[in-house]
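Here are some questions and answers for a reader who is seeing this structure for the first time. Please look over the sequence and the model before reading on.

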Amino acid sequence: MTTLLVSANSSWNIVHFRAGLLRALSEAGYRIAVAAPPDEHSNRIRELGYDYYPLPMSRSGMNPVADGLLLARYAGLVRKVRPDIYLGYTIKPNLYGSLVAARVGAVTVNTVTGLGTSFLGRSWLQRLVLRLYKTAFRRSHRVFF
């Protein structure tokens, strides 16, 4: 059975925006694993029949130590789940999750629904995020905007 790992920066995002897609993929025979920070919608992911892996992350923080820990958490999660396909939504799952998933040979597909506050003007942050996107998306099989 093909395993699909889906990640976003909130369980709310998965439940409200990805449930239909996940249902269709599940019905097509995919095993669905979801990684997102725990919130009041996390149990709904389990109720829908998907494996849920709590993945703490700051949605807007720019702490390099915290982001390094998040990258390590993704590495451990990918070793555990062993996804054949990785779907990333939102900036940190797109960057860190796809980098790790690509290293183990998973097909990576990213969706960018907005560029976020890091692109509201020219700054060192914008240059850094652009460089990270280029690195991560170079290994992605598809990127949707």
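Q: Which residues make the nonpolar surface patch of about 350 Å²?
A: This is a predicted model. A residue joins a patch only with over 30% relative accessible area, and Met62 has 52%. The patch is made by Met62, Trp124 and Leu128.

Q: Where does Met62 lie?
A: Met62 is exposed, with a relative accessible area of 52%. Its place in the chain is the loop between strand 3 (51-54) and helix 3 (64-81).

Q: What distance does helix 3 reach from its first C-alpha to its last?
A: Helix 3 has 18 residues, and at 1.5 Å a residue the expected value is 26 Å. The model comes close to this, with 25 Å.

Q: Which residues of helix 3 are exposed on the side away from the buried ones?
A: The buried residues of helix 3 are Asp67, Leu70, Tyr74, Leu77, Val78 and Val81. They cover an arc of only 100 degrees around the axis, so they sit on the same side of helix 3. An α-helix has 3.6 residues a turn, so residues three or four places apart point the same way. Exposed on the other side of helix 3 are Val65, Arg79 and Lys80.

Q: Which elements do the buried residues of helix 3 pack against?
A: Among these buried residues are Leu70 and Tyr74. The buried residues pack against strand 1 (3-7), strand 2 (31-36), strand 3, strand 4 (85-89) and helix 4 (91-103).

Q: Which residue just after helix 3 takes a positive phi?
A: Helix 3 covers residues 64-81. Just after it, a positive phi of about 55 degrees is taken by Arg82.

Q: How many residues apart in sequence are the parts tied together by Arg31 and Asp51?
A: The side chains of Arg31 and Asp51 meet in a salt bridge, 2.9 Å from N to O. Arg31 lies in strand 2 and Asp51 in strand 3, so the pair ties together parts whose separation in sequence is 20 residues.

Q: Which helix holds both Glu47 and Arg44?
A: Glu47 forms a salt bridge with Arg44, with the closest N and O atoms 3.6 Å apart. Glu47 counts as exposed at 57% relative accessibility, and Arg44 as partly exposed at 39%. The two are three residues apart, about one turn, in helix 2.

Q: Are Lys92 and Asp67 buried or exposed?
A: Lys92 forms a salt bridge with Asp67, the closest N and O atoms being 3.1 Å apart. Lys92 lies in helix 4 and Asp67 in helix 3, so the pair ties together parts 25 residues apart in sequence. Buried means under 20% relative accessible area, and both Lys92 and Asp67 are buried.

Definitions and conventions. Residues numbered from 1 in each chain as written. Predicted model: local features only at pLDDT ≥ 70, side-chain atom pairs only at ≥ 80, totals over all residues. Heavy atoms only, no water. Patch = residues over 30% accessible without salt bridge, like charges linked within 9 Å, V, L, I, M, F, W, Y side chains within 5 Å. Areas by Shrake-Rupley, 256 points an atom, 1.4 Å probe, with all protein chains shown as cover. Salt bridge = Lys/Arg side-chain N within 4 Å of Asp/Glu carboxyl O. Helix = DSSP H or I, 4+ residues; strand = E, 2+ residues; numbered from the N terminus. Buried < 20%, exposed > 50% of the residue type's maximum accessible area, 1.4 Å probe, protein only. Expected span 1.5 Å × (residues − 1). Arc of directions from axis to C-beta. Contact = heavy atoms within 4.5 Å.
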